[in-house]
Amino acid sequence: MTNWIERNIKWIYTMPAVLFVGIMMVFPVGYTLWLSFHDWDMSNVSPPLWVGLDNYLTLFQDEVFTQALWLTFYFTIVAVVIETVLGILLALLMNQHIVGKGLVKTLFLLPMVATPVAVGLVWILIYEPNIGIANIFLQAIGIAPQEWLASPEMVMPSLIVIDVWEWTPMIALIVLAGLVSLPKDPYEAAIVDGANRLQTFWNITLPLLKPTIYSAVLLRLIDALKTFDIIYATTQGGPGTSSQTLNIYGYVLGFQYFKIGQASALLMIFFAIVLGLSVLVIAVRKKAGVSM
Amino acid sequence: MKKSFSRLKMAAGALSLIVGLGAVLAGCGGGNQAAPTPAQQPAGKTEQTIRLVAANHPWTEAVKTLLPDFEKATGIKVKVDSYFEDQLTQKTSVEFAANSKSIDVVMFRPLQDGKQFQKNGYFASLNDFVSKEQGLTDDIIPSALGSVKDGDNLYGIPLVTETEVLYYRKDILEKAGLQPPKTLDELKEMAAKLQDVNAGLYGFVSRGKRSPAVTQFSSYLYSFGGDFMKDGKATLNTPEALKAFEFYSTMLKDYGPPGTLNMSWPEAFGVFTQGKAVFLTDASSLFTNATDPAKSSVADKVGFAPFPAGPAGSKPYNITSWAIGVGANSEKKDAAWQFIKWVTSKEIVGKLQANGIPGALKSVWDSPEGVAKFPKDLADAIKANGAVGVPYDRPLIVNVGKARDAIGDTIIAGIQGQDIKAAAEKSNQDFQAVLDKE
């Protein structure tokens, strides 16, 4: 018995993890894939019907799907770029010796730990066109009031602002952690060589920070692509379909239209996109010679 | 080492995605799986617990306060879970589709989910229960009963009825020396005349959000002589329908507050009860939101009138908005039925209606106590609507969700000042595609 355990110790130790991955990850994805080839409206009477690639074909001809695809990328790219730039700037600022740094860092955490649905509800009030504080603020500085989330043109930028507000601190904190752990000697060498501050930043800080920034961006990118909570809590994809990203459209297809097959197909496409994107980011990182 | 480590990162990244997606698919509900099954009691007076899955609705709130009476009389405990409308649909369908036995009694929207749920085999038939009770359904308003039947198969009992009425500000109309509008043209004239945008007062408010707007738009559609469909053909591009779309969206565009595109009833009522709109058209069953001083700053200034007449007369919807049924897989169907029988009895419906929740029993509507809690003009308006009402406020089909979105597209195009005719053609095509798949 002891012999058996000793011979198989590596399997025994990894078993819980393997089981967990199998049950919680492989099965749901596999089942979704299976469903994506079927037509099923959650009926207990008529079982899922095999339709081959129909669900995928329907989606590619569906302009709402194309729009959702575009909105997803628009939201993700704009939000992550703004968050990255702002996050790095904030981290640099916080790396200086300023009074109350600890307090500021704690305050930074607040948007991140708040429940996204609660964040969404708060922003609904802020953006409310009739009594919201956003319009009161705009009027105070002499700009005409906006309809924010209720305007098809303004809704995506308004949502991006929420996302930036909520997630910039995360990038800032990760970058700050990277900054703090940077070696000191390159800076001393730079001082000796007479580099100015901009040169030091561009030629030393930024290259050394690259791995940290890459990881922060990758984490954020994947998370932003999947954003569901703040959009569902504020607009449910509206007005009309103006903020209907892939995730929201999947929800609508599944739970409002009862088209589980199509919703599954959409999720599989989404899955492939996210997977492809993360492989790409990792490959780029490798090519840049950055390791962690 | 470096390489294998980055592989590991890649794998970890990939797995984190899968978890995320899995979570999306597995249903954004989370908590509240199966209700704990009570210990089986030996024979005798059984102590059972049944689970009622209900909507966040005044009905549910009022019933909760009456539950102790039911428990005392029958020994059956009722555990209530309540959700917002859309989440309720999602929650119940996911549980039913998983063949879960944990839903004993379910509150549902007959016109929204009824046909789909029935087709999917989620409901137990109530025929056997009802046939044992002589005349149980005789007192129910016939059209209400019709909305919970599939042929001869009864799968629910109506709970709440509603019709679209005109809410208006008595004080403002009185000051202007006006009577409440009798026609839609008068409504438009008065909205234009009484609106004072600089003072933050808008002429009219109603739902402008894609899907929620459709039910309130239906009365306008009928009153202009149109309908959603005829003999399986979509009729959203008829001249009558176009006029109705034009009228409804113009009212919101020209006389509505900013932001109507995102307004369902809570937002529309919010504007009205903040004293920022003169007129509102919405469901009668929501009236306490406007007349309760805790919720409304104009509580004592709200008047009610029947739905104004269009070119085809006044044709408001008059529907059963909520009904109650038994889950097909419930193991406590008898207890579930006992609860339904109790909660739809004349006594309880009388008590609920006395709390301002319009039920579906003729005798309660005819009794003085039944309408005592309703403002007199509202009771009159409901009665007037009842005589001319249309028994549906959305297409009577299975896939209501998609149809509502298709129809709502034209409303929001109109509110944005886009070409209504083109939008209606598109809606008509999309809606026809839904009908073709029925």
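Where is the place of Thr76(A) in chain A? Thr76(A) sits in helix H4 of chain A, which covers residues 63-94. The model is a predicted one.

Thr76(A) has a relative accessible area of 2%. Buried means under 20%, so Thr76(A) is buried. Leaving aside residues up to four places away in sequence, Thr76(A) touches Leu221(A), Ala224(A) and Leu225(A).

**Aromatic pairs**

Over all chains, the structure holds 40 aromatic pairs. One of them joins Phe96(B) and Phe117(B), in an edge-to-face arrangement. Phe96(B) belongs to helix H3 (residues 85-97) of chain B, and Phe117(B) to helix H4 (residues 110-119) of chain B. The pair therefore ties together parts that are 21 residues apart in sequence. Phe96(B) and Phe117(B) are both buried.

Trp365(B) and Phe374(B) also form a pair. Their planes meet at 50°, so this pair is tilted. The geometry of the two pairs is set out here.

| Pair | Centre to centre | Angle between planes | Class |
|---|---|---|---|
| Phe96(B) and Phe117(B) | 6.4 Å | 75° | edge-to-face |
| Trp365(B) and Phe374(B) | 5.5 Å | 50° | tilted |

Are Trp365(B) and Phe374(B) buried or exposed? Trp365(B) has a relative accessible area of 19% and is buried. The cut-off for buried is under 20%, so Trp365(B) falls within it. Phe374(B) is buried too, at 4% relative accessibility.

**The ring cluster**

Trp365(B) and Phe374(B) belong to a cluster linked by ring pairs.

Key:
Residues numbered from 1 in each chain as written. Chains lettered and ligands numbered in written order. Predicted model: local features only at pLDDT ≥ 70, side-chain atom pairs only at ≥ 80, totals over all residues. Heavy atoms only, no water. Helix = DSSP H or I, 4+ residues; strand = E, 2+ residues; numbered from the N terminus. Buried < 20%, exposed > 50% of the residue type's maximum accessible area, 1.4 Å probe, protein only. Contact = heavy atoms within 4.5 Å. Phe/Tyr/Trp six-rings, centres within 6.5 Å; stacked < 30°, edge-to-face > 60°.
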